[in-house]
Amino acid sequence: MKAVVYTQHGLPISDPQSLQDVELPMPLAGPHDLLVEVRAVSVNPVDTKIRLGAPVTEPRVLGWDASGIVRGVGSAVTLFKEGDEVFYAGSLLRPGSNSEYQAVDERIVGRKPASLDFAQAAALPLTAITAWELLFDRLRIAEGGGSGKSLLVIGAAGGVGSILLQLARKLTALTVIGTASREETRNWVRELGAHHVIDHAQPLRPQLEALGFPAADIVISLTHTDKHYPAIVDVLAPQGQFALIDDPASLDAVPLKRKSISLHWELMFTRSMFETDDMIKQHKLLNLVAQMVDEGSLRTTLGEHYGSISAENLRRAHALIESGRAVGKIVLEHC
């Protein structure tokens with residue numbers, strides 16, 4: 001089958017060898033696996049981080065967002081059948097989705113929203129799981145809860161932020177404040193439901209105070225946490241909550257003590273990596289996301305379509321992700 005791989009970590013994305021088109025054997029489905037014909041994928045920061053930082057001894061397929069059609073099922077599969085249309089984010093411990101076929105555990109797969117095409121659906125899984133787990137598993141905000149409290153989302157225009165804003169606005173009573181530094185991204189953040197938008201390139205406290213917020217009860221940082229950390233600690237309310245998803249080189253939790261701020265770190269791959277007892281929760285979550293999409297209460301966050309799944313087009317997508325200027329999700333599909 002056709003696939004896109006990297007064979008040497010750390011190469012700049014401008015190097016044609018950073019991602020390469022190859023032929024690989026068809027994957028074999030284990031007992032709980034679906035063999036999926038991949039129809040579309042989207043690109044996330046995790047793709048670029050692993051390409052740059054994870055050494056390999058054999059070609060590695062990246063890609064942790066996909067939609068496609070089930071073409072085979074393992075002996076223990078009970079949730080799907082051949083011909084079902086699905087979407088999922090996969091596991092960091094297994095080959096990714098930048099290939100014609102992929103084996104993926106059914107417990108982390110959901111039914112594709114019927115109202116979306118494959119490209120639109122592929123933009124959703126990783127970010128939807130991350131945003132949902134941040135709000136409801138890590139921060140433990142009750143659905144419908146949060147009345148009288150404020151949520152500040154740093155880097156709200158990216159992939160996770162684009163879903164997080166919608167979920168927070170639709171399913172909680174929080175006052176949602178998103179950050180964006182360009183007119184294009186500010187408009188996107190407002191469109192997705194933020195009550196207010198401020199600029200993370202400017203001091204945060206004066207902007208919050210101008211809106212009538214002396215502090216933020218909850219801060220979720222989605223990017224450049226190390227750069228914003230002092231300002232985040234400053235604007236958080238006493239006994240507030242701080243959550244993040246990115247990978248600062250270090251994070252000193254000591255400044256959080258004075259205000260008794262709780263720290264929450266989210267990685268949506270934890271359940272699949274450790275095969276936790278509640279791993280199937282991601283299957284149920286994705287089905288709920290599909291239901292919300294089909295009911296019209298949640299929208300795809302597809303930002304740009306980069307054409308067919310190829311090394312050349314994926315290099316373009318990685319370059320945009322690394323620039324920090326992506327709005328929504330970048331999607332590619334098998335043509």
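Guide: A charge sits over a ring if CZ of Arg is within 6 Å of the ring centre and within 35 degrees of the ring normal. The model here is predicted.

Visitor: What makes R316 a residue that lies over the face of Y306?

Guide: The distance from the ring centre is 4.1 Å. The limit is 6 Å. R316 therefore counts as lying over the face of Y306.

Visitor: Which residue lies over the face of F118?

Guide: K112 does, at 5.0 Å from the ring centre. For Lys the atom that counts is NZ, again within 6 Å.

Visitor: Why is the pair of W64 and F269 called edge-to-face?

Guide: The ring centres are 6.4 Å apart, and the planes stand at 75°. Centres must lie within 6.5 Å, and planes over 60 degrees apart count as edge-to-face. So the pair is edge-to-face. The pair links distant parts of the chain, 205 residues apart. W64 is in the loop between β4 and β5, and F269 is in the loop between β14 and α8.

Visitor: How do you know that W64 and F269 are buried?

Guide: Buried means under 20% relative accessible area. W64 has 0%. F269 has 2%. Both therefore count as buried.

Visitor: Why is the pair of Y229 and F242 called tilted?

Guide: Their planes are at 40°, with the centres 5.9 Å apart. Under 30 degrees would be stacked, over 60 edge-to-face. The angle falls in the rest, so the pair is tilted. Y229 lies in helix α7 and F242 in strand β13, 13 residues apart. Y229 and F242 are both buried. The whole structure has 3 aromatic pairs.

Visitor: β13 also holds P238. Why is P238 called exposed?

Guide: Exposed means over 50%. P238 has 60% relative accessibility, so P238 counts as exposed. Its C-alpha atom is 8.2 Å from that of R258, 20 residues apart along the chain.

Visitor: What makes β11 and β14 the edges of their sheet?

Guide: The open sheet has 6 strands in the order β11-β10-β9-β12-β13-β14, with parallel pairing. β11 and β14 each have a single partner strand, so one side of each is left without a neighbour in the sheet. The twist averages 20° from one strand to the next.

Visitor: How do you know that β9 and β12 pair?

Guide: Pairing needs at least two bridges. β9 and β12 are joined by 4, and they run parallel. The count meets the cut-off, so the strands pair. L151 stands opposite I218 in β12.

Visitor: Which strands does β3 pair with in the antiparallel sense?

Guide: Among them are β7, over 5 bridges, β5, over 7 bridges, and β16, over 4 bridges. V36 has Q102 in β7 as its bridge partner. V38 has G68 in β5. V41 stands opposite L332 in β16.

Visitor: What makes β3 mostly covered?

Guide: In β3, 10 of its 11 residues are buried.

Visitor: Why is Q282 called buried?

Guide: Q282 has a relative accessible area of 1%. The cut-off is under 20%, so Q282 is buried. Q282 is found in helix α9. Its contacts beyond four places in sequence include R107, I129, E133 and M268.

Visitor: Where does UniProt place the feature "domain: Enoyl reductase (ER)"?

Guide: The unreviewed UniProt entry places that feature at residues 14-332. Over residues 14-332 the chain is 32% helix and 25% strand. The end C-alpha atoms are 19 Å apart.

Definitions and conventions: Residues are numbered from 1 along each chain as its sequence is written. This is a predicted model: local features need pLDDT of at least 70, side-chain atom pairs count only at pLDDT 80 or more; totals for chains, interfaces and linings use all residues. Side-chain values use heavy atoms; hydrogens and water are left out. Helices (H or I, at least four residues) and strands (E, at least two) are DSSP runs, numbered from the N terminus. Axes are lines fitted to C-alpha atoms, for helices over the stretch in contact, and angles run from 0 to 180 degrees between N-to-C directions. Rings of Phe, Tyr and Trp (its six-membered ring) pair if their centres lie within 6.5 Å; planes under 30 degrees apart count as stacked, over 60 as edge-to-face and the rest as tilted. Buried means under 20% relative accessible area, exposed over 50%, partly exposed in between (1.4 Å probe, protein chains only). Contact means heavy atoms within 4.5 Å. UniProt positions are given in the numbering used here, feature names are shortened, and annotations may be inferred rather than shown by experiment.
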